[in-house]
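User: I've got a new model on my screen and I'd like to talk it through with someone. Can we go over it piece by piece?

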Amino acid sequence: MSEDRILWGVGTSRTIRAHWALIELNLPYKTEIIRTRTPDTETATFKSVNPRQKIPVLQDGTLTIGESAAIVTYLAESYGTDKVSLIPETPKARAKYFEWMSFICMELDATSLYVLRRHWSLPEIYGDSPIANKASEEYFNRMITAADKLKNPKQKYLLETGFSGVDILMTTTLKWAIDYNQKIPTNFMEYLEKMGNRSGYIAALEANKMP
């Protein structure tokens, strides 16, 4: 374990992203068991780490960073190797990386699935809203259908350069979508099956388990 590298958070589709990136890059780290929407996030210790009280959070030496996509990208840029890079080097390939990252996090995650999380999964907290749920499901379907047209079916991964951080983001988002009963195009279901069999993902599932 690395005492200078600590990942705060387990149990969500966002925390698993950080675990997965650390595992793919073979980086030692310590896990702090912080669970979302529990008293874990209310402690003075965690508030001092992240005043937003959100997980995951990574402490890497003197750096503290939140937001799963930012953590994955930081790790990719800081610790990538010729064997495992997680992010392309050329400007055009990096542009596609950031395009996919923004699309996954904003259009699929925040605008669609997170709305469902609030009003379908947690109505006792945020209120029941069938209209918002229906609109979110329709929007997710439109966006994942568009993504299906953009993804090259001949490629195993989202980027032609190979496995990257956006595959981590997309896989965890699709898994979340399936949990919320969303329909996934055949192309992405085949993609998801391959990603789900990846050793790094399987190890991340174990690392991300709730105690």
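User: Is Asn26 buried or exposed?

Analyst: Keep in mind that this is a predicted model. Asn26 sits in the loop between helix 1 and strand 2. Its relative accessibility is 67%, and the cut-off for exposed is over 50%. So Asn26 counts as exposed.

User: What is phi of Asn26 near?

Analyst: Most residues other than glycine have a negative phi. Asn26 isn't a glycine, yet its phi is positive. The value for Asn26 is near 60°.

User: And in which loop is Asn181 found?

Analyst: Asn181 also isn't a glycine and has a positive phi, near 65°. With a relative accessible area of 59%, Asn181 is exposed. Asn181 belongs to the loop between helix 7 and helix 8.

User: Which residues does a cis peptide bond join?

Analyst: Most peptide bonds are trans. Here there's a cis one with omega about 5°, and its proline lies in the loop between helix 2 and strand 3. The two residues joined are Ile55 and Pro56.

User: What radius of gyration does the protein chain have?

Analyst: The C-alpha atoms fill a box of roughly 45 × 45 × 30 Å along the principal axes, and 48% of the 211 residues count as buried. A compact globule with 211 residues would have a radius of gyration near 17 Å, so the chain agrees with that at 17 Å.

User: Which residues of strand 1 are buried?

Analyst: Strand 1 spans residues 5-8 and is covered on both faces. It pairs with strand 3 in the antiparallel sense over four bridges, and with strand 2 in the parallel sense over three bridges. On one side of strand 1 the buried residues are Arg5 and Leu7, and on the other they are Ile6 and Trp8.

User: Which residue in strand 2 is the bridge partner of Ile6?

Analyst: Strand 1, helix 1 and strand 2 make a right-handed β-α-β unit. Towards strand 3, Arg5 stands opposite Asp60. Towards strand 2, Ile6 has as its bridge partner Lys30.

User: On to the pockets. Which helix gives the largest share of the lining of the largest pocket?

Analyst: About 930 Å³ of space lies in the largest pocket. Of its 37 lining residues, the closest to the centre are Thr12, Ser13, Arg14, Ile55 and Arg117. Helices 1, 3, 4, 7 and 9 each supply at least two residues of that lining. The largest share, seven residues, comes from helix 4.

User: How do the residues lining the second largest pocket divide?

Analyst: The second largest pocket holds about 310 Å³ of space. Of the 15 residues that line it, Lys96, Glu99, Trp100, Leu158 and Leu159 are the closest to its centre. Helix 4 again gives the largest share, with six residues. By type, the lining splits into seven nonpolar, four polar and four charged.

User: What distance separates the C-alpha atoms of Lys47 and Glu99?

Analyst: Lys47 is in helix 2 and counts as partly exposed because its relative accessibility is 34%. Lys47 and Glu99 are 52 residues apart along the chain. Their C-alpha atoms are separated by 32 Å.

Definitions and conventions
Residues are numbered from 1 along each chain as its sequence is written. This is a predicted model: local features need pLDDT of at least 70, side-chain atom pairs count only at pLDDT 80 or more; totals for chains, interfaces and linings use all residues. Side-chain values use heavy atoms; hydrogens and water are left out. Buried means under 20% relative accessible area, exposed over 50%, partly exposed in between (1.4 Å probe, protein chains only). Two strands pair if DSSP finds at least two bridges between them. A crossover is right-handed if, with the strands pointing away from the viewer, the path from the first strand over the helix to the second runs clockwise. On a 1 Å grid over the protein atoms alone, a cavity is a set of points where a 1.4 Å probe fits but cannot get out, and a pocket is an open set with protein on both sides within 12 Å along at least five of seven lines; lining residues have an atom within 4 Å of a point. Grid points are joined across faces, edges and corners, and a volume is the space filled by probe spheres set on the points. Ala, Val, Leu, Ile, Met, Phe, Trp, Tyr, Cys and Pro count as nonpolar, Asp, Glu, Lys and Arg as charged, and the others, Gly among them, as polar. The radius of gyration is taken over C-alpha atoms; the globule rule is 2.2 Å times the number of residues to the power 0.38.
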